[in-house]
Amino acid sequence: MKVIRRTKHLRQELGRARRRPRTIGFVPTMGALHDGHLALVRRSRRENDLTVVSVFVNPTQFGPREDFRSYPRTFKKDVLLAKKEKVDIIFHPSIKEIYPRGYLTDIEVREISDRLCGRSRPGHFRGVATVVGKLLNIVDPDILYLGQKDAQQCVVLRHMVRDLDFPVKVTTVPTVREPGGLAMSSRNQYLSAVQRREAVVLYQALRTARKRIVAGERTAAPVLREMRRYIRKNSSGIIDYLVCVDGQTLRPLRVLRGEVLLALAVYFGKARLIDNIALTVK
Ligand code: AMP
C-alpha cells in the first residue's frame, strides 16, 4: 500500500495504473476509519482492480462553530486498517494541497443542499460538493462509493455528478450499525456511556416508523409524531430535524408514496447524530 500526499504524485501513480486495463474504485473519507468506512472499502475492493481511499478532514464543510479542530484524527490507525483491507492507495493531502493560496472556486448544488442538514449547517454541502468534485478530478475513478448513512450527501453528490457530467458511477452502500442499531460514526466518540445507550432510540424510532408504513400507513404526520414522542420519552436527545421527505427532491411528503426517506438529526450533548431509512412505497 502507498501513502501519497501530493496531487501530482497521485496523478503520476494512477496514470501508470491506468495504462493496464483496470478499474478504480474511490472512497472519500475524513478518516477516523471504522467498520462503516470499511464496508465501502470492501465493496470497492470486490468491484475494482484498484481502490483509492482519501483521508482529508475538509475545513470548508465545517461551520464556524462546528468541530473542525476537535474532529478525531487517527491517521496512523487509519493506515493500519486500510493496509489490512488491502487498500491500494491512501490519498492524504494537506489543506494547502487541496486549497492552495488564492483558491476561489466552489461547487454549489442548489435547493437540495439547503434542506435537512443544510438548514442547521449552512454551506456544509457546498464544502462537500467542492471537495468531492476536486477529488473526483484528481483520482478520476470509475466508481465512487458513498454511505447511505449520509443520505442527503448521496443525493447532493449524485446530482453534482449528473449535472456536471463527472464520468463516474455512484454506488451507495447500506448503513453499518453497532450491535444495538446505532449507526457507526466518527462522531460517536463524542458520546458519554449514557448518551451512547440512549442514542439507540434513533434507529428504534426509524424502524418502528418503517414497520408502520409497511403495515399500510400512508400519512406522514402521525408517523413523525410517534417518532418524536418516542425519542423525547426515551432519551435526552434534542431533535434538530425529523422528516419524511421525497428521496430525490428532499421535499417534505404529506402522503407517503414512491421513494420515501425518513431522516433525522438529534443532538446528544455536543454530538449531532444523523440517521435515516429509505423505503419505496407502492
Ligand atoms: P466520513 O468520514 O464521515 O466523511 O464518511 C466517509 C464515507 O463513509 C461517507 O460516504 C459516509 O456516508 C460513509 N459512512 C460513514 N459512516 C458510515 C456507516 N455507519 N455506514 C455506511 N457508510 C458510512
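Biologist: What do the buried residues of H2 pack against?
Modeller: They pack against strands S2, S3 (50-55), S5 and S6 (169-173), along with helix H3 (75-84). Keep in mind that this is a predicted model.

Biologist: Which residues of H2 are buried?
Modeller: In H2, the buried ones are Gly-36, His-37, Leu-38, Ala-39, Leu-40, Val-41 and Ser-44.

Biologist: And how far does H2 reach from its first C-alpha to its last?
Modeller: H2 reaches 18 Å with its 13 residues, close to the 18 Å expected at 1.5 Å a residue.

Biologist: Let's get to the ligand. Which elements each supply at least two residues of the shell around it?
Modeller: Those are strand S2 (24-29), helix H2 (35-47) and strand S5 (143-147). H2 gives the most, with three residues.

Biologist: Which residues come nearest to the ligand?
Modeller: Of the 17 residues around the ligand, Met-30, His-37, Asp-150, Val-176 and Met-184 come nearest. By class, the shell has eight nonpolar, seven polar and two charged residues.

Biologist: Nice. Which atom of His-37 lies 2.9 Å from an oxygen atom of the ligand?
Modeller: For His-37, a polar side-chain atom lies at that 2.9 Å distance from a ligand oxygen. With Met-30, a backbone N or O atom is 2.9 Å from an oxygen atom of the ligand. Met-184 also uses a backbone N or O atom, which lies 2.8 Å from a nitrogen atom of the ligand.

Biologist: How much of the ligand's accessible area does the protein cover?
Modeller: The protein covers 93% of the 480 Å² of accessible area that the ligand has on its own.

Biologist: Why does Thr-29 count as buried?
Modeller: Thr-29 counts as buried because its relative accessibility is 7%, and buried means under 20%.

Biologist: How far is Thr-29 from Tyr-230 in space?
Modeller: The two are 32 Å apart, C-alpha to C-alpha, and 201 residues apart in sequence. Tyr-230 is found in helix H10 and is partly exposed, with a relative accessible area of 32%.

Biologist: What does Tyr-230 touch over there?
Modeller: Not counting residues up to four places away in sequence, Tyr-230 touches Val-201, Gln-204 and Ala-205. Val-201 and Ala-205 are among the buried residues of H9, which also include Leu-202, Tyr-203, Leu-206, Ala-209 and Ile-213.

Biologist: What covers the buried residues of H9?
Modeller: The cover includes helix H8 (193-198), helix H10 (220-234), strand S8 (258-268) and strand S9 (271-281).

Biologist: How does the span of H9 fit what it should be?
Modeller: It agrees: H9 (residues 201-214) has 14 residues, so at 1.5 Å a residue it should span 20 Å, and its end C-alpha atoms are 20 Å apart. H9 is followed by Gly-216, which has a positive phi near 130 degrees.

Biologist: Which loop holds Ser-235?
Modeller: Ser-235 is in the loop between H10 and S7, and counts as buried at 11% relative accessibility. The Ser-235 side chain reaches the backbone oxygen of Ile-231 at 2.9 Å. A polar atom of that side chain also lies 3.1 Å from the backbone nitrogen of Gly-237.

Biologist: What does Ser-235 touch?
Modeller: Ser-235 touches Glu-198, Val-201 and Phe-268, again leaving out residues up to four places away in sequence.

Biologist: Last topic, backbone angles. What is the phi of Asp-140?
Modeller: Asp-140 has a positive phi of about 50 degrees although it is not a glycine. Asp-140 is found in the loop between helix H6 (124-139) and S5.

Biologist: And the phi of Leu-250, what is that?
Modeller: Leu-250 has a positive phi of about 65 degrees, and it is not a glycine either. Leu-250 is placed in the loop between strand S7 (238-246) and S8.

Biologist: Is Leu-250 buried or exposed?
Modeller: Leu-250 is buried, with a relative accessible area of 1%. Asp-140, at 34% relative accessibility, counts as partly exposed.

Notes. Residues are numbered from 1 along each chain as its sequence is written. This is a predicted model: local features need pLDDT of at least 70, side-chain atom pairs count only at pLDDT 80 or more; totals for chains, interfaces and linings use all residues. Side-chain values use heavy atoms; hydrogens and water are left out. A residue is near a molecule or strand if one of its heavy atoms lies within 4 Å of it. A polar contact is a pair of N or O atoms within 3.5 Å; within protein, one must be able to donate a hydrogen and the other to accept it, and residues adjacent in sequence count only if both atoms are side-chain atoms. Accessible areas come from the Shrake-Rupley method with a 1.4 Å probe; for residues, only the protein chains shown count as cover. Helices (H or I, at least four residues) and strands (E, at least two) are DSSP runs, numbered from the N terminus. Ala, Val, Leu, Ile, Met, Phe, Trp, Tyr, Cys and Pro count as nonpolar, Asp, Glu, Lys and Arg as charged, and the others, Gly among them, as polar. The expected span of a helix is 1.5 Å times one less than its number of residues. Buried means under 20% relative accessible area, exposed over 50%, partly exposed in between (1.4 Å probe, protein chains only). Contact means heavy atoms within 4.5 Å.
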